[in-house]
Amino acid sequence: MKIAILGSGNVGSALAPGLVRSGHSVSFGVRDAASAKSLKAGTLASAVPLRTVPEASADADVIIVTTPPEAALSLVPQLGDVRSKLIIDATNSVRTRPEPYPTAFHAIKALTKSEGVVKCFNSTGFENMLNPTYPGFGGIDMFCAGNDKKGKQVARQLALDIGFGECWDFGGDDKVELLEKFALSWINLAILQGHGRGIAFKVIKRS
Ligand SMILES: NC(=O)c1ccc[n+]([C@@H]2O[C@H](COP(=O)([O-])OP(=O)(O)OC[C@H]3O[C@@H](n4cnc5c(N)ncnc54)[C@H](OP(=O)(O)O)[C@@H]3O)[C@@H](O)[C@H]2O)c1
C-alpha cells in the first residue's frame with residue numbers, strides 16, 4: 001500500500017522501517033524537511049522520502065497521523081479529498097488536545113467529514129513499535145478502535161506486518177477515548193510507576 005506518515009518524530013520514525021520491510025511504499029509528510037526530527041528520520045529510515053504533507057497525502061492509500069494531537073487542526077486542510085483513503089490516528093491527547101475536540105480522531109473525523117478514520121498505534125511506546133517482539137513472548141499486541149470496520153482490518157494488517165502479535169478491536173468510535181486512556185495506562189506503568197519503557201501489553205486467552 002502507499003502510506004503517508006504525517007510527522008517524522010519518535011512514532012513516525014518507529015513505524016516506518018517495519019512498513020517498508022513488509023513491502024509498503026512509505027513517505028513522511030513533514031512541515032519542515034530541515035527540522036532536527038526530519039533530519040534524524042531521514043537517517044534512520046533512508047528508504048522513506050521526506051515530502052510535504054500535501055504531497056505525501058495526495059499519493060497515499062493510508063495516512064498515519066503521528067504528530068501532536070492539536071496539529072490535526074492544521075493538517076486536515078492540507079490533505080485534500082480523503083474520502084477514498086484511510087486515516088489512522090496514532091496520537092494521544094495527554095497534555096494537549098485539538099480544542100474543541102476531545103481527541104485528534106474526533107477532530108479529523110469532523111473536519112474531513114470522512115468515515116474512514118480509525119485509532120491505532122497509540123497504545124504503546126515508540127520503542128515497541130520499532131521492535132514489537134519480546135523474546136519468549138513473540139509479538140506484543142496492538143489495539144484499534146473506530147466505526148470503520150474495513151479501516152480497522154487494514155490497520156490490523158499493518159500492525160501484523162510490522163510484527164505485532166495481534167491487533168485487538170477495541171470497538172467503535174465510542175471506544176476511541178477509552179483506547180487513549182489505555183495508552184495512559186501504559187504511560188502510567190512505564191513512566192509514572194517507573195517500570196521503564198520496555199514493557200508491553202499482550203492479551204492471553206484461556207482455551
Ligand atoms: N512517543 C511515544 O512513545 C508515543 C506512543 C504512542 C503515541 N504517541 C503519540 O504520537 C504523537 C507523536 O509523538 P512523538 O513522540 O512521535 O512526537 P515527536 O517525536 O515530538 O514528533 C512529532 C512530529 O510531529 C511533527 N509536527 C508537530 N507539529 C506539527 C504540525 N503542526 N504540522 C505538521 N507536523 C507537525 C513534528 O515536526 P517538527 O520536526 O517540524 O517539529 C515531528 O515530526 C503524539 O500525539 C503522542 O501522544 C507517542
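A search of the whole structure finds 13 salt bridges, a salt bridge being a side-chain nitrogen of Lys or Arg within 4 Å of a carboxyl oxygen of Asp or Glu. The structure is a predicted model, in which local features need pLDDT of at least 70 and side-chain atom pairs count only at pLDDT 80 or more, while totals for chains, interfaces and linings use all residues. Residues are numbered from 1 along each chain as its sequence is written, and side-chain values use heavy atoms, with hydrogens and water left out.

One of these salt bridges joins lysine 119 to aspartate 89, with N and O 2.6 Å from each other. Lysine 119 belongs to strand β6 (residues 117-120) and aspartate 89 to strand β5 (residues 86-89), so the pair ties together parts that are 30 residues apart in sequence. Helices (H or I, at least four residues) and strands (E, at least two) are DSSP runs, numbered from the N terminus. Both lysine 119 and aspartate 89 are buried, where buried means under 20% relative accessible area, exposed means over 50% and partly exposed lies in between (1.4 Å probe, protein chains only).

A salt bridge also links glutamate 99 and arginine 97, whose closest N and O atoms are 3.9 Å apart. Here glutamate 99 is exposed, at 52% relative accessibility, and arginine 97 is partly exposed, at 43%. Another pair, arginine 156 and glutamate 166, meets through its side chains at 2.7 Å, N to O. Arginine 156 sits in helix α7 (residues 149-162) and glutamate 166 in strand β10 (residues 166-171), so this contact ties together parts that are 10 residues apart in sequence. Arginine 156 counts as partly exposed at 33% relative accessibility, and glutamate 166 counts as partly exposed at 22%. Elsewhere, Lys2, Arg51 and Asp59 are linked in a network of salt bridges.

Helix α7 is worth a walk from end to end. The helix has 14 residues and reaches 20 Å from its first C-alpha to its last, close to the 20 Å expected at 1.5 Å a residue; the expected span is 1.5 Å times one less than the number of residues.

Which residues of α7 are buried? They are Gly151, Lys152, Ala155, Leu158, Ala159 and Ile162. Seen down the axis of α7, these buried residues fall within an arc of 120 degrees, so they line one face of the helix; the arc is that of the directions from the helix axis to the C-beta atoms. The face turned away from this buried side carries the exposed residues Lys149, Lys150 and Gln153. Just after α7, glycine 163 takes a positive phi of about 125 degrees.

Aromatic rings come next. Rings of Phe, Tyr and Trp (its six-membered ring) pair if their centres lie within 6.5 Å, and planes under 30 degrees apart count as stacked, over 60 as edge-to-face and the rest as tilted. By this rule the count comes to five aromatic pairs. In one of them, the rings of phenylalanine 143 and phenylalanine 170 have centres 5.7 Å apart and planes at 80 degrees, so the pair is edge-to-face. Phenylalanine 143 lies in strand β9 (residues 141-145) and phenylalanine 170 in strand β10, so the pair ties together parts that are 27 residues apart in sequence. Phenylalanine 143 is buried at 4% relative accessibility, whereas phenylalanine 170 is partly exposed at 22%. Phe143, Phe170, Phe182 and Phe201 form one aromatic cluster.

Another phenylalanine, at position 137, is found in the loop between β7 (133-134) and β8 (138-139). Phenylalanine 137 counts as exposed, at 59% relative accessibility. Its C-alpha atom is separated by 31 Å from that of asparagine 147, 10 residues apart along the chain.

Finally, how many disulfides does a search of the whole structure find? The search finds zero, a disulfide being a pair of cysteine sulfur atoms within 2.5 Å. For cysteine 120, the closest cysteine sulfur is that of cysteine 167, 3.9 Å away and too far for a bond. The sulfur of cysteine 144 also has cysteine 167 as its closest partner, at 3.8 Å, again too far for a bond. Cysteine 120 is buried, with a relative accessible area of 0%, and cysteine 144 is buried at 2%.
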